[in-house]
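Q: I would like to go through this structure one feature at a time. Please give the general idea where there is one, then the case at hand.

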Amino acid sequence: MTVRTLRRSLGALLGVLALILLGRALAPAAVIYQDTLGPRTILAIGTFGKLLFLVVATVATGLNRGSFEPGTPTRTAWQWLFPGFGALMAGQAIIAFYQFGLGLDEAPFPSIADVFFVLSYPLMIAALVLFLRAYLQSGFPVGSRSERIGMAAGILLLCAAIGYPILKPLVSSEAVFLERLLNLLYPVMDGLLLIPTALLIRISVRFRGGAVWKIWATLLAGCVFLCIADALFAWFSQLGRTDLVDLVDLTYLLSYGLFAQGVLYQRQLLVE
Amino acid sequence: MPGPSTTASLRRNTSEVLDAISRVLEPYIGRLMAKTAPRAHCGDLGIHSMLIEGAQIDALLDKLGLALVIFLGKEKSEIVVQDMRKAILGLGDVK
């Protein structure tokens, strides 16, 4: 099987799984979700779909790292992204064990999985910063330094302005300390992840229409969906918004699926 | 990325060379970057005249190859540089 075939097959699978979860989020009372696709089936679709995409993203990231010569700046970036996706994969595998090994409908939160999820953020942020540095070193016209500084400052302010009203009710909630801490930590790390993400999006736009653009458009869309998913999860877990559970699953699935697509685009570019 | 210097004795129209390079680069880095990057590298190398010499072409291709390694890896970049070289060789000589 070629990388292109694998990428297209996974893309089609992502589309189907996302539609199933979107349908359930929009019309949970529909007949199909009462009879054919019961709650455990939906849970399995979300859990194992996410795990599959993370396994593919992690393995392909390791392969991509190996395809760049030692000393190439992007090799170091892929090297950091590998354990970043690996940590997400380990966290998701633990969730899958809780849900299908122990038969729990809902994985406990916080749990050992959060150690891996928390760990994944600094690794992914470091990888994106290294990609950013590598792109600046390429000598391609990717914009001025002042433009980048202005943009980073703007995103920081925007995150603070949007994040404050979203996170404020979480601070004053009745949840236990660790739960509250994690529900604040995830969105804060998302904010930090968004800065290099947005700068890379700005740079990648200059490559639109080319293969490099496809890699970054999908990878960075994955980062954006991860941030949305974390914000939704914080509201779901701490404010008892159980109506958001399907949207949470959908956004995480899209995030991990897009990560896999982006990494496979790079793999395709390297080997085919 | 030093490649075989098959262009050493050439003399070409600069804009034709840049267009040929852009056409090869476009599927990888998109139309906008494929047009602006070679021109920016030309500027860095001090290539401003209407005609470009073989040695300047080699320097330009080396510089582009080094940049491409970051996105495409060494193997693929070498292929792309070879394609650019072929495209330039296919252009008519300047009388």
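Q: How many residues does helix 1 of chain A have, and what does it reach from its first C-alpha to its last?
A: The model is predicted, so every value here is computed from it. The expected span of a helix is 1.5 Å times one less than its number of residues. Helix 1 of chain A has 24 residues and reaches 34 Å from first C-alpha to last, close to the 34 Å expected.

Q: Which residues of helix 1 of chain A are buried, and what do they pack against?
A: A residue is buried if 20 or more other C-beta atoms lie within 10 Å of its own. In helix 1 of chain A, Arg7(A), Leu14(A), Leu17(A), Ile20(A), Leu21(A) and Arg24(A) are buried. The buried residues of this helix pack against helix 2 (31-34), helix 3 and helix 9 of chain A.

Q: How is the packing of helix 1 of chain A with helix 3 of chain A described?
A: Two packed helices are described by the angle between their axes and the distance between the axes. For helix 1 (residues 3-26) and helix 3 of chain A, the angle is about 150° and the axes are 11 Å apart. Helix 1 of chain A is therefore roughly antiparallel to helix 3 of chain A, since angles over 145 degrees count as such. Their crossing is left-handed.

Q: Which residues make that contact between helix 1 and helix 3 of chain A?
A: Helix 1 of chain A contributes Leu10(A), Leu17(A), Ile20(A), Leu21(A) and Arg24(A). From helix 3 of chain A come Ile42(A), Ile45(A), Gly46(A), Gly49(A) and Val56(A). By type, the residues of this contact divide into seven nonpolar, two polar and one charged.

Q: At what angle do helix 3 and helix 9 of chain A pack?
A: Helix 3 (residues 39-67) and helix 9 (residues 245-271) of chain A pack at about 25°, and their axes are 8 Å apart. The two helices are therefore roughly parallel to each other, given that angles under 35 degrees count as roughly parallel. Helix 3 of chain A passes helix 9 of chain A in a left-handed crossing. The residues of the contact comprise 15 nonpolar, seven polar and three charged.

Q: How many of the residues of helix 9 of chain A are buried, and what is its span?
A: Of its 27 residues, 24 are buried, so helix 9 of chain A is largely enclosed by the rest of the structure. At 1.5 Å a residue, helix 9 of chain A should span 39 Å, and its end C-alpha atoms are 39 Å apart, which agrees.

Q: What is to be noted about the backbone around helix 5 of chain A?
A: Most residues other than glycine have a negative phi, and most peptide bonds are trans. The peptide bond from Phe109(A) to Pro110(A) is cis, with omega near 0°. Pro110(A) lies in the loop between helix 4 (73-101) and helix 5 of chain A. After helix 5 of chain A comes Gly139(A), whose phi is positive, near 85°. The 26 residues of helix 5 of chain A should span 38 Å at 1.5 Å a residue; the end C-alpha atoms are 39 Å apart, which agrees.

Q: Where is Phe116(A) placed, and what is it in contact with?
A: Phe116(A) belongs to helix 5 (residues 112-137) of chain A. With 19 C-beta neighbours inside 10 Å, Phe116(A) counts as partly exposed. Leaving aside neighbours within four places in sequence, Phe116(A) is in contact with Ala87(A), Ala90(A), Gly91(A) and Ile94(A).

Q: Where is Ile155(A) found, and which residues does it touch?
A: Ile155(A) is in helix 6 (residues 145-171) of chain A. Ile155(A) has 18 C-beta neighbours inside 10 Å and so counts as partly exposed. Not counting residues up to four places away in sequence, Ile155(A) touches Leu194(A), Ile195(A) and Ala198(A).

Q: What pattern does chain B follow along the sequence?
A: The pattern of chain B is β-α-β-α, from two helices and two strands. Of its 95 residues, 42% count as buried.

Q: How many residues does each chain give to the contact between chain A and chain B?
A: Chain B gives 21 residues and chain A gives 22. On the side of chain B, the elements that give two or more residues are helix 1 (14-45) and helix 2 (54-89) of chain B. Helix 1 of chain B supplies the largest share of that side, twelve residues. The side of chain B that touches chain A divides into twelve nonpolar, four polar and five charged residues.

Key. Residues are numbered from 1 along each chain as its sequence is written. Chains are lettered from A and ligands numbered from 1 in the order in which they are written. This is a predicted model: local features need pLDDT of at least 70, side-chain atom pairs count only at pLDDT 80 or more; totals for chains, interfaces and linings use all residues. Axes are lines fitted to C-alpha atoms, for helices over the stretch in contact, and angles run from 0 to 180 degrees between N-to-C directions. Helices (H or I, at least four residues) and strands (E, at least two) are DSSP runs, numbered from the N terminus. Angles under 35 degrees count as roughly parallel, over 145 as roughly antiparallel, 65 to 115 as roughly perpendicular and the rest as oblique. A crossing is left-handed if the near helix is turned anticlockwise from the far one by less than a right angle, and right-handed if clockwise. Ala, Val, Leu, Ile, Met, Phe, Trp, Tyr, Cys and Pro count as nonpolar, Asp, Glu, Lys and Arg as charged, and the others, Gly among them, as polar. Two residues are in contact if their C-beta atoms, placed from the backbone, lie within 7 Å. A residue is buried if 20 or more other C-beta atoms lie within 10 Å of its own, exposed if 12 or fewer, and partly exposed in between; C-beta atoms are placed from the backbone.
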